[in-house]
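Please read the following account with the sequence and the model side by side.

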Amino acid sequence: MVMSKIITIAGQKGGTGKSVTAVNLATSLALLEKNTLLIDFDPQAFATQWCGIKELDYTSDITMVLTGRIPFKEAIVKTQVNYLDMMPAVFSLFQVALKLAKTPGNEKMLRLLLKDVESEYDYIIIDAPSSYGYLSICAMTAAQWLLVCMTVQQNCLEDFHCLLKMIKYIRKTHHVPLKIAGFLFNRCNFKKQIQEFLEDQNLLDIEQMIFDTFIPEDKNIKESIDLSHPLALHDIKSPAASAYLDFSKEMHFFLQ
Ligand SMILES: Nc1ncnc2c1ncn2[C@@H]1O[C@H](COP(=O)(O)OP(=O)(O)OP(=O)(O)O)[C@@H](O)[C@H]1O
Ligand SMILES: [Mg+2]
């Protein structure tokens with residue numbers, strides 16, 4: 001029986017490419033014919049829109065699941081990519097989050113809900129908002145692995161240490177063996193940039209945890225966002241699409 005690998009895309013800084021990575025890593029794993037579920041756990045619903053899932057198309061979403069109105073499976077929708085299913089988000093998720101956050105222990109809710117479906121998917125990818133709020137803690141508590149997105153443009157030493165504290169808190173509070181899968185550099189065109197960045201940020205001690213693949217700056221990303229279909233459907237040969245395909249193979253190999 002398949003037991004899915006649950007990966008939350010983390011990083012407390014906004015705009016590092018978490019949603020871009022969630023959508024394109026999930027699409028790439030699906031192109032490798034891995035049964036993949038992409039969960040949009042961000043009220044911005046960016047991943048939902050990018051996968052071409054319009055609010056008109058679905059009558060149920062994650063808020064109805066979190067409030068116990070419908071079972072998890074009923075809110076899952078098919079996408080335009082074979083092997084890729086999606087749990088859509090809507091803006092009102094932030095209101096549901098405010099209510100749920102009042103009850104201690106609700107941070108485990110998504111983890112418990114995934115028990116229903118984890119035997120049906122090889123991978124479950126969760127896109128969470130960049131904050132220390134209920135939704136990102138819940139998304140991290142549901143995962144086995146954290147994939148941390150970084151860019152060489154942003155000072156993220158502080159961010160990195162906060163993330164480590166957050167992981168410690170989640171492990172201790174919820175007794176879950178959460179681990180960092182590794183660091184993925186985004187918007188980076190040369191390996192040398194990463195080396196210089198690590199030296200500059202005094203982050204050489206994470207060098208071993210950085211994935212070989214890095215995602216280049218690619219204008220095709222904006223174009224495919226505007227067209228509401230994942231990058232691989234827009235131009236599979238584009239620099240970032242082929243990088244995400246390489247990355248999905250590296251990630252798959254790493255998690256075996
Ligand atoms: N490799 C890239 N090449 C070109 N543009 C990119 C790249 N990665 C991200 N972007 C641009 O940066 C924007 C922000 O990326 P994304 O939405 O993935 O960030 P995020 O980390 O999810 O932000 P938030 O914290 O707000 O959820 C995207 O809309 C896209 O236009
Ligand atoms: Mg995002």
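The lining of the largest pocket in this predicted model divides by class into six nonpolar, eight polar and seven charged residues. In total, 21 residues line this pocket, and its volume is about 380 Å³. Nearest the centre of the pocket lie Gly 15, Thr 16, Gly 17, Val 20 and Phe 46. Two helices, α1 (18–31) and α9 (220–226), each supply at least two residues of the lining. Helix α1 gives the most, with three residues.

Leu 98 belongs to helix α4, which covers residues 93–100. The relative accessible area of Leu 98 is 55%, so this residue counts as exposed, the cut-off being over 50%.

Helix α6 (residues 134–141) is mostly covered, with eight of its eight residues buried. These are Tyr 134, Leu 135, Ser 136, Ile 137, Cys 138, Ala 139, Met 140 and Thr 141. Between the C-alpha atoms of Asp 40 and Val 152 the separation is 26 Å, and the two residues are 112 residues apart along the chain.

Charged pairs come next. Side chains of opposite charge can pair when their charged atoms come close. The structure holds seven salt bridges.

One of the salt bridges joins the side chains of Lys 115 and Glu 118, at 3.8 Å from N to O. Lys 115 is partly exposed, at 49% relative accessible area, whereas Glu 118 counts as buried because its relative accessibility is 11%, and buried means under 20%.

Another salt bridge is formed by the side chains of Glu 217 and Arg 187, at 2.9 Å from N to O. Glu 217 sits in the loop between α8 (191–201) and α9, and Arg 187 in the loop between β7 (179–186) and α8, so the pair ties together parts that are 30 residues apart in sequence. Glu 217 is partly exposed at 41% relative accessibility, and Arg 187 is partly exposed with a relative accessible area of 39%.

Within helix α9, Asp 226 forms a salt bridge with Lys 222. The closest N and O atoms of this pair are 3.0 Å apart. The two residues are four apart, about one turn of the helix. Both Asp 226 and Lys 222 are exposed.

Technical notes
Residues are numbered from 1 along each chain as its sequence is written. Chains are lettered from A and ligands numbered from 1 in the order in which they are written. This is a predicted model: local features need pLDDT of at least 70, side-chain atom pairs count only at pLDDT 80 or more; totals for chains, interfaces and linings use all residues. Side-chain values use heavy atoms; hydrogens and water are left out. On a 1 Å grid over the protein atoms alone, a cavity is a set of points where a 1.4 Å probe fits but cannot get out, and a pocket is an open set with protein on both sides within 12 Å along at least five of seven lines; lining residues have an atom within 4 Å of a point. Grid points are joined across faces, edges and corners, and a volume is the space filled by probe spheres set on the points. Ala, Val, Leu, Ile, Met, Phe, Trp, Tyr, Cys and Pro count as nonpolar, Asp, Glu, Lys and Arg as charged, and the others, Gly among them, as polar. Buried means under 20% relative accessible area, exposed over 50%, partly exposed in between (1.4 Å probe, protein chains only). A salt bridge is a side-chain nitrogen of Lys or Arg within 4 Å of a carboxyl oxygen of Asp or Glu.
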